[in-house]
Amino acid sequence: MPATIVVGTQWGDEGKGKFTDLVAKEMNLVVRYQGGHNAGHTLVVDGEKFALQLVPSGVLYDHITPVIGNGVVVDPRVLLAEMDMLESKGVDTSRLRVSGNAHLIFPYHQELDALHERHLGKNKLGTTKRGIGPAYADRAMRVGIRAQDLLDEKIFKAKLEVALDHANQILTRVYNRLPVDFDEICDIYLGTCKPRIEPLITDAIDLVHTSLESGGHVLFEGAQATFLDLDHGTYPFVTSSNPTAGGALTGAGVGPKHIDRIIGVAKAYVTRVGSGPFPTELFDEVGDHLVDVGKEFGTNTGRRRRPGWCDAVMLRYAVRVNSLTEIALTKLDIFDALDSMKVCVAYEHEGKRVEQLPYHQSVLHNCTPIYEELPGWNSDISGITERHDLPKEASDYISFLEQQVGVPINLVGVGPGRSQFLHFTNDG
Ligand code: IMP
C-alpha cells in the first residue's frame with residue numbers, strides 16, 4: 001500500500017514542508033488535500049528559499065506530478081503568481097495539475113473574511129483573511145464555483161450570478177459595502193486566469209488511482225494541522241477544512257486501504273498564530289528566545305507566532321485522531337542555547353490530573369500544564385546527521401517524547417536546509 005499522509009500535529013507551522021519535501025523524493029505523485037493559500041510551506045534548497053502556498057512541494061522534483069486535490073480552495077490569481085515565482089527560479093511547473101472539483105476563491109470571499117473578522121471584534125478568530133472560510137462556506141451552501149466551471153463560460157457565468165447575488169446582498173445589506181462587479185470578475189477569471197489554468201485542470205481521482213493501481217507511490221500533503229481541524233481542533237479557533245488524516249481521504253478521493261504511513265510532523269516546541277486556547281504558552285524571555293531563534297513569524301502574513309513548550313497531551317491526541325504511524329520532529333536545534341527545556345506531560349484541572357486531551361474546551365482554557373524539565377545540551381547540533389553523534393541530552397529529549405506519545409520519532413530536523421536532518425529507526 002504505497003500511500004503516505006503527512007499531517008501537522010499542533011497548530012500549524014511545524015515545518016511540514018521540509019519533511020514533505022524529504023519524503024516526496026520517493027513519490028510519483030504529491031497531492032495537496034485541503035486548505036488554500038492560508039498555508040505557507042518554506043523549503044530551502046541549495047541555499048535558495050522557496051515559500052509555497054498552494055503548489056504541492058513535490059514540484060521541486062522533476063519526476064513528480066504535483067496535484068492540487070478536490071479538497072483545496074484555489075485562488076487562481078495566487079496560483080498563477082506562485083507558478084511565475086517558481087518559473088523565475090528555474091522550477092518547471094508544467095506538470096502541475098488541479099482537480100476539476102477544487103473550489104475557487106473569489107475577491108468577495110476575501111472581503112467577507114475580513115469583514116466577518118471585524119464584526120467579531122474581540123472574539124475574532126485571527127484568520128489569514130484569504131477568504132478560506134467564506135469559500136468553504138459557499139461549497140457547503142452549494143453556491144461554490146469549481147475549477148471545472150472555468151471550462152464552460154456559460155456555466156461559469158450562470159453560477160457566478162447566483163453566488164455573487166448572494167455575496168453582494170451580504171456585502172451591501174449587512175456590511176454596508178459596495179457590491180462586487182460581475183464583469184470585473186469575469187475579466188479576471190475568464191480573461192486572465194482561464195487560458196493558463198485550463199490546461200492544468202484534470203480528473204485528479206483518475207490520476208491518483210491510475211498511479212496507485214500501477215504501483216506508484218502517492219504522498220498526501222496536508223496544510224495547517226490537527227488542532228486547526230474543523231472537527232478535531234480547538235473550535236471555533238480553527239480553519240474551515242480537515243487537515244487531519246481523514247481529510248486526506250475525502251480531499252483527494254481515496255479510501256483508507258491505500259494508506260500505509262501517516263507521518264505526524266511536530267515541532268520540538270509549539271507555536272500558534274491567531275486566537276484560541278494554548279495551555280503551554282510562554283509569555284517570558286524563553287518564549288521570545290524561541291520566536292527569535294526559530295524565526296517564528298508567518299511565512300505569508302508576517303504575524304508573530306505565539307510560542308510555548310512542547311505539549312505531549314496534544315501529541316497523544318494527534319496520534320489518536322490521525323492514527324499516526326510515526327512522528328517527524330522539527331527544529332530541535334532551536335533548543336541549542338537553552339539550559340533546560342520543559343515538556344507538558346499532563347494537565348491539572350480542579351485538582352485532577354488529566355492525561356488525555358479534554359473534550360470539553362473550557363477545561364483546556366482553564367487547565368495548568370504539568371511539566372517535566374529536561375536538561376539542555378548547550379551546543380550546536382545543526383551539522384549532525386547521525387543519532388550517535390547527538391549530545392546525550394538531545395537524544396534523551398527525543399526518547400522522552402517517544403515514550404510520552406507512544407509512536408517512534410523517525411526523523412528529526414536540526415536546521416532549515418534539505419540535508420539538515422537525522423533519519424533513524426526505532427532501535428536508535
Ligand atoms: P483561516 O484558515 O485563514 O480561516 O484561519 C483560521 C485559523 O487558522 C487562524 O487562527 C489562522 O491563524 C490559522 N491558520 C490558517 N492557516 C495557517 C497556517 O498555515 N499555519 C498556522 N496557522 C494557520
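What follows is a quick chat about strands, helices and a surface patch.

User: What kind of model is this?
Analyst: It is a predicted model, where local features need pLDDT of at least 70, side-chain atom pairs count only at pLDDT 80 or more, and totals for chains, interfaces and linings use all residues. Residues are numbered from 1 along each chain as its sequence is written, and side-chain values use heavy atoms, with hydrogens and water left out.

User: In what order do the strands of the open sheet run?
Analyst: The 10 strands go β9-β7-β5-β2-β10-β1-β11-β15-β19-β20, with mixed pairing. Strands are DSSP runs of E, at least two residues; helices are H or I, at least four; both are numbered from the N terminus. Two strands pair if DSSP finds at least two bridges between them.

User: Which strands stand at the edges?
Analyst: β9 (201–202) and β20 do. Each has a single partner strand, so one side of each lacks a neighbour in the sheet.

User: Is β19 buried or exposed?
Analyst: Buried. 5 of the 5 residues of β19 (residues 409–413) are buried, so the strand is largely enclosed by the rest of the structure. Buried means under 20% relative accessible area, exposed over 50%, partly exposed in between (1.4 Å probe, protein chains only).

User: How does β19 pair with β15 and β20?
Analyst: β15 (residues 326–330) pairs with β19 in the parallel sense over 3 bridges. β20 (residues 421–423) runs antiparallel to β19, also joined by 3 bridges.

User: What are the bridge partners of L411?
Analyst: A328 is partnered with L411. In β20, the partner of L411 is H423. Further along, G413 stands opposite F421.

User: Switching topic. How many residues of helix α1 are buried?
Analyst: 9 of the 9, residues 16–24, so α1 is largely enclosed by the rest of the structure. Charged residues are on that buried list too, including K16, K18 and D21.

User: And the hairpin of β3 and β4: which residue takes a positive phi?
Analyst: D46, near 50°. The hairpin has 2 residues between its strands. β3 (residues 41–45) and β4 (residues 48–52) are antiparallel, over 5 bridges. L43 has F50 as its bridge partner.

User: Last one. Which residues form the negative surface patch?
Analyst: D181, D183, E184 and D187. Patch residues have over 30% relative accessible area and no salt bridge, with like charges joined within 9 Å and nonpolar side chains (Val, Leu, Ile, Met, Phe, Trp, Tyr) within 5 Å. A salt bridge is a side-chain nitrogen of Lys or Arg within 4 Å of a carboxyl oxygen of Asp or Glu.

User: Where does D187 lie?
Analyst: In helix α6 (residues 182–197). D187 counts as exposed, at 53% relative accessibility.

How values were computed:
Areas by Shrake-Rupley, 256 points an atom, 1.4 Å probe, with all protein chains shown as cover. Charge placed at Lys NZ, Arg CZ, Asp CG, Glu CD.
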